[in-house]
Amino acid sequence: MGAENTPPRFAICIKNDGHPDDLHVRTVYQVLPDESAARSNYVRVVDETGEDYLYPAEYFVLVEVPS
């Protein structure tokens with residue numbers, strides 16, 4: 001329900017083991033809300049393909065971006 005009103009979140013990729021074509025280290029990616037993924041220690045990220053996929057949370061550092 002609140003996804004439309006949720007401000008966008010972003011994360012910097014710090015690791016891309018096994019995904020060098022989809023994730024670039026030191027690149028900022030948009031993080032989409034996914035409570036189920038978060039409970040499993042994953043984040044849903046819009047990657048270089050332009051699609052959203054689940055990746056291990058340890059691959060990213062969340063950052064705050066001023067509005």
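Predicted model: local features only at pLDDT ≥ 70, side-chain atom pairs only at ≥ 80, totals over all residues.
As for burial, 21% of the 67 residues of the chain count as buried.

On to overall dimensions. The C-alpha trace spans about 35 × 25 × 20 Å along its principal axes. The radius of gyration of the chain is 12 Å, which agrees with the value near 11 Å that a compact globule of 67 residues would have.

The chain holds one helix and five strands, and these come in the order β-β-α-β-β-β when read along the sequence. Looking at contacts between residues at least 6 apart in sequence, 36% join residues at least 24 apart.

Zooming in on one residue, Phe10 belongs to strand S1, which covers residues 9-13. Phe10 counts as partly exposed because its relative accessibility is 25%, and the buried class takes in only values under 20%. Setting aside neighbours within four places in sequence, Phe10 is in contact with Val28, Tyr29, Gln30 and Val31, and also with Val61, Leu62, Val63 and Val65. One of these partners, Val31, lies 21 residues from Phe10 in sequence, yet the C-alpha to C-alpha distance between Phe10 and Val31 is 5.3 Å.

Key. Residues numbered from 1 in each chain as written. Heavy atoms only, no water. Helix = DSSP H or I, 4+ residues; strand = E, 2+ residues; numbered from the N terminus. Rg over C-alpha atoms; globule rule 2.2 N^0.38 Å. Buried < 20%, exposed > 50% of the residue type's maximum accessible area, 1.4 Å probe, protein only. Contact = heavy atoms within 4.5 Å.
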